[in-house]
Amino acid sequence: MYNLKIDYAEGAHPAILDKLLETNFIQQNGYGIDDFTLEAKAALREKINKPEAEIYFVSGGTQANLLVISSLLRVHEAVICANTGHIYANETGAIEATGHKVIPIETKEGKITVDQVEQTLASFQLRPHVVKPRLVYISNTTELGTLYTSKELRALSDFCRANDLLLFLDGARLGHALTAATNDLSLEEIADLVDVFYIGATKNGALFGEAIVFPNPKWALDFDYSLKQKGALLAKGRVLGIQFLVLFQDDLYFKLAQDANRKADKIVEALYENGYAFLVEPASNQIFPILPLVLIQRLQEEFDFYVWKPINAEYAAIRLITSWATDEKMVDVFISMLTE
């Protein structure tokens, strides 16, 4: 059965494995002060045009979210996010376990607006009997594969800065967002508009790894203590540094994400040609077509994917997701089964 359920079903891009093998016997310092990690951080600072940015490499997205939010918030402060947000829907209460309430906003497309944040703030005014919303968490791409536009992100950024809120962007699939056909944001612009974000590599060619970026170093004060205390400071930090160094040489990171998007676009085109609709308008490598249950059952004989949401007695929305390593031939097989 071929996997279209997750975009990290494969190991790593061969260039990363080659570099790990090539550098295997070169002795280096530990805990992220090795030459490879320092070089990777310098490369990322150049990409975002923030020479003073603080950057930390960690192993995964939930870890990144927990570390960032728990380090930035005081004990009485809370997070605002979409109800589809990973910290609310998919992380086993990791943020709540650190003592911080997650306040969800209902959304159909995975994005939140300034008006929604403003309304949420208005409902948490009974000081000191309620928590204090202090941080807004968004994802790009969102958990539904949708994108924030430059205008939308700038509006959120302006509102947060005017209302003493921090803005944190989960970039688990940031490469896919930035290379999507309808995207109008740049990595440099994101670094200007948010207080902290991370660049996800686990889902885009790495064995594992996310790069947490604080464009303004004032928000990273003592973050290294949080890394160590919460078990996220790897002794062999070089393993993370090498991966990001390879991914950001010759823009490999963006090329891989663009290829994943292209394969998803190919499936989207075939679905439209066959008259099928989508739960949300497709924009990246995550797509949510609405299909007849009989077709879903037939596809499940060859492919693994999520049945996302029932629509009625005869139809359901499924989630398909492509990766940098998705086999083009299997994409063609999937498309051929739509008309069988």
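## Largest pocket

The largest pocket has a volume of about 730 Å³. A pocket is an open set of points on a 1 Å grid over the protein atoms alone, where a 1.4 Å probe fits, with protein on both sides within 12 Å along at least five of seven lines. The points are joined across faces, edges and corners, and the volume is the space filled by probe spheres set on them. Lining residues have an atom within 4 Å of a point.

The lining of the largest pocket counts 33 residues, and Thr84, Asn90, Glu143, Trp308 and Arg319 are the closest to the centre. Helix 3 (61–72), helix 4 (86–89) and strand 13 (306–310) each give two or more residues to this lining. Helices (H or I, at least four residues) and strands (E, at least two) are DSSP runs, numbered from the N terminus. By class, the lining holds ten nonpolar, 13 polar and ten charged residues. Nonpolar here covers Ala, Val, Leu, Ile, Met, Phe, Trp, Tyr, Cys and Pro; charged covers Asp, Glu, Lys and Arg; the others, Gly among them, are polar.

This is a predicted model: local features need pLDDT of at least 70, side-chain atom pairs count only at pLDDT 80 or more, and totals for chains, interfaces and linings use all residues. Residues are numbered from 1 along each chain as its sequence is written, and side-chain values use heavy atoms, with hydrogens and water left out.

Arginine 127 is joined to proline 128 by a cis peptide bond, with omega about 0°. Proline 128 sits in the loop between helix 6 (114–122) and strand 5.

An open sheet of seven strands runs in the order 2-8-7-6-5-3-4, with mixed pairing. Two strands pair if DSSP finds at least two bridges between them. Strand 2 (54–58) and strand 4 (102–105) are the edges, each pairing on one side only. Neighbouring strands are turned by 20° against each other on average, direction ignored.

Strand 3 (residues 77–82) pairs with strand 4 in the parallel sense over four bridges. Valine 79 has valine 102 of strand 4 as its bridge partner. Helix 3 packs on the sheet, with contacts to strand 2, strand 3, strand 5 (132–139), strand 6 (166–170), strand 7 (196–200) and strand 8 (210–214). Contact means heavy atoms within 4.5 Å. The direction of helix 3 makes about 175° with that of strand 6. Axes are lines fitted to C-alpha atoms, for helices over the stretch in contact, and angles run from 0 to 180 degrees between N-to-C directions.

## Loop sites

Asparagine 83 lies in the loop between strand 3 and helix 4. Leaving out residues up to four places away in sequence, asparagine 83 touches Tyr88, Ala89, Pro104, Ile105, Glu106 and Thr107.

Threonine 141 is in the loop between strand 5 and helix 7 (150–162). Asparagine 49 is not a glycine, yet has a positive phi of about 60°. Asparagine 49 belongs to the loop between helix 2 (35–48) and strand 2.

## Overall dimensions

The protein has 14 helices and 14 strands. Its C-alpha atoms fill a box of roughly 60 × 60 × 35 Å along the principal axes.
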